[in-house]
Amino acid sequence: MFGIPGKQAVTLTPAAVAQITKLMERDGRAGLRIGVKKGGCAGMEYTMDYVDEIAENDEVVEQDGACVAIAPMAQMFLFGTEIDYEVALLESGFKFRNPNVTDACGCGESIKFKDVDALTAEQSNS
């Protein structure tokens with residue numbers, strides 16, 4: 001939908017590939033679907049769910065056995081995002097490094113994106 005020919009919508013670090021592949025194999029799933037929804041103090045939150053079947057309009061990113069499906073409504077907000085998996089002393093989880101985010105809450109769970117018109121213009125100029 002909002003892609004650039006020859007360029008993946010999102011990129012995965014080796015740590016993210018390893019974790020996604022592990023989850024897919026452990027639970028017998030086709031991949032993970034990522035998206036965004038309204039919520040949190042900054043206005044939007046990322047979503048991540050198992051997927052058994054890839055939907056027709058999902059943008060699919062496959063990398064070294066890991067499969068990520070991007071929900072149609074989230075594609076323009078996630079384009080250019082790097083997904084990593086970090087393990088720390090007290091927590092571990094997926095981290096989204098998204099160039100389209102303009103603000104985030106202090107806990108990092110909620111984000112605010114650039115204006116839709118600005119995102120559309122950037123996609124057109126790429």
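Two strands are taken to pair if DSSP finds at least two bridges between them. Helices (H or I, at least four residues) and strands (E, at least two) are DSSP runs, numbered from the N terminus. On these terms β1 and β6 run parallel and are joined by 3 bridges. The model is a predicted one, in which local features need pLDDT of at least 70 and side-chain atom pairs count only at pLDDT 80 or more, while totals for chains, interfaces and linings use all residues. Residues are numbered from 1 along each chain as its sequence is written, and side-chain values use heavy atoms, with hydrogens and water left out.

The protein holds 3 helices and 9 strands. Along the sequence they follow the pattern β-α-β-β-β-β-α-β-β-β-β-α. The protein has 126 residues, of which 38% count as buried. Buried means under 20% relative accessible area, exposed means over 50%, and partly exposed lies in between (1.4 Å probe, protein chains only). The accessible surface of the protein comes to about 7400 Å². Carbon and sulfur atoms account for 50% of that surface. These areas come from the Shrake-Rupley method with a 1.4 Å probe; for residues, only the protein chains shown count as cover. Contact means heavy atoms within 4.5 Å. Of the contacts between residues at least 6 apart in sequence, 53% join residues at least 24 apart.

Strands of a sheet pair through backbone hydrogen bonds, either parallel or antiparallel. In the parallel pair of β1 and β6, T11 stands opposite E82 of β6. Strand β6 (residues 81-87) runs antiparallel to β7, and 6 bridges join the two. Here Y85 has F94 of β7 as its bridge partner. V87 stands opposite S92, also in β7. β6 and β7 form a hairpin with 4 residues between them.

With neighbours up to four places away in sequence not counted, A15 touches D84 and Y85. The C-alpha atoms of A15 and D84 are separated by 6.2 Å, although the two residues are 69 apart along the chain. A15 counts as partly exposed because its relative accessibility is 33%.

β2 and β5 run parallel and are joined by 3 bridges. R33 stands opposite A69 of β5 in this pairing. β4 and β5 pair in the antiparallel sense over 5 bridges. V61 has V68 of β5 as its bridge partner. 5 of the 5 residues of β5 are buried, so the strand is largely enclosed by the rest of the structure. Both faces are covered. A66, V68 and I70 are buried on one side, and C67 and A69 on the other.

The loop between β4 (59-63) and β5 contains D64. The hairpin of β4 and β5 has 2 residues between the strands. D64 has a positive phi of about 50 degrees although it is not a glycine. D64 counts as exposed because its relative accessibility is 68%.

The largest nonpolar core has 25 residues. Such a core is a set of buried Ala, Val, Leu, Ile, Met, Phe, Trp, Tyr and Cys residues joined through side-chain atoms within 4.5 Å. L12, I20, I70, L78, I83 and F94 touch the most other members. At least two residues of this core are supplied by each of β1, α1, β2 (31-38), β5 (66-70), α2 (75-78) and β6. The largest share, 5 residues, comes from α1. Leaving aside neighbours within four places in sequence, I70 is in contact with A9, V10, I34, N57, D58, E59, V61, Q75 and L78.
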